[in-house]
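Let's take a friendly walk through a protein model together. Have a look at the sequence and the structure, and then we will go through some of the details.

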Amino acid sequence: EQDSALSKGEPVFIEDMMKDPNVQYPEDARKEGIVSMLSIPIKCRTDIIGILRLYHNETWILHEEDLDSLCVLTELLGLVIENNGLKNFLGQVTLALESLPLRMLKGL
């Protein structure tokens, strides 16, 4: 979908799932009790690595300050995910180095 947070790379807010023409399954949203939805991409540098999606069971009036705070949160989530990925990578490199014969580690 071209209007999604994933494709746009920016937050997408749907105030009323039943009235928005971009909602694919409005009746399913109604059955689940979803009235409003906010999607914010989680980015790692310039790449989108996930989506934070918030659902509300009433029409939600989204204030700019709330959106700004949630965008800061998703930026931090992106940093945490990247940091954990780097830690995992370094752990694998450490294990690989520990398995090398000592003669191969000279000069490192």
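With which residue does Arg-45 form a salt bridge? Keep this in mind as you look around, and remember that the model is predicted.

The partner is Glu-82: the closest N and O atoms of Arg-45 and Glu-82 are 2.6 Å apart. This pair connects distant parts of the chain, since Arg-45 sits in the loop between β2 and β3 while Glu-82 belongs to helix α3, 37 residues apart.

Arg-45 has another detail to show you. In the hairpin of β2 and β3, with 2 residues between the strands, Arg-45 takes a positive phi near 60 degrees. Arg-45 counts as exposed because its relative accessibility is 68%, and the cut-off for exposed is over 50%.

## The strands

Now find strand β2, residues 36-44. Of its 9 residues, 8 are buried, so β2 is largely enclosed by the rest of the structure.

Strand β2 has neighbours to look for. Strand β1 (residues 12-14) runs antiparallel to β2, and 3 bridges join them. Strand β3 (residues 47-56) also runs antiparallel to β2, with 9 bridges between β2 and β3.

The whole structure holds 3 salt bridges. One of them joins Glu-27 to Arg-30, with the closest N and O atoms 2.3 Å apart. Both residues lie in helix α2 (residues 26-32), and their spacing of 3 residues is about one turn of the helix. Glu-27 is partly exposed, at 37% relative accessibility, and Arg-30 is partly exposed too, at 46%.

Another salt bridge is formed by Asp-16 and Lys-19, where the closest N and O atoms are 3.9 Å apart. Lys-19 counts as exposed because its relative accessibility is 69%.

## A patch of negative charge

Which residues gather in a patch of negative charge on the surface? They are Glu-64, Glu-65, Asp-66 and Asp-68.

Take Asp-66 as an example from this patch. You will find Asp-66 in helix α3, which covers residues 64-98. With a relative accessible area of 37%, Asp-66 is partly exposed.

Notes
Residues are numbered from 1 along each chain as its sequence is written. This is a predicted model: local features need pLDDT of at least 70, side-chain atom pairs count only at pLDDT 80 or more; totals for chains, interfaces and linings use all residues. Side-chain values use heavy atoms; hydrogens and water are left out. Patches are made of residues with over 30% relative accessible area and no salt bridge: like charges are joined within 9 Å, nonpolar side chains (Val, Leu, Ile, Met, Phe, Trp, Tyr) within 5 Å. Accessible areas come from the Shrake-Rupley method with a 1.4 Å probe; for residues, only the protein chains shown count as cover. A salt bridge is a side-chain nitrogen of Lys or Arg within 4 Å of a carboxyl oxygen of Asp or Glu. Lys and Arg count as positive and Asp and Glu as negative; His and the chain ends are not counted. The place of a charge is taken as NZ of Lys, CZ of Arg, CG of Asp or CD of Glu. Helices (H or I, at least four residues) and strands (E, at least two) are DSSP runs, numbered from the N terminus. Buried means under 20% relative accessible area, exposed over 50%, partly exposed in between (1.4 Å probe, protein chains only). Two strands pair if DSSP finds at least two bridges between them.
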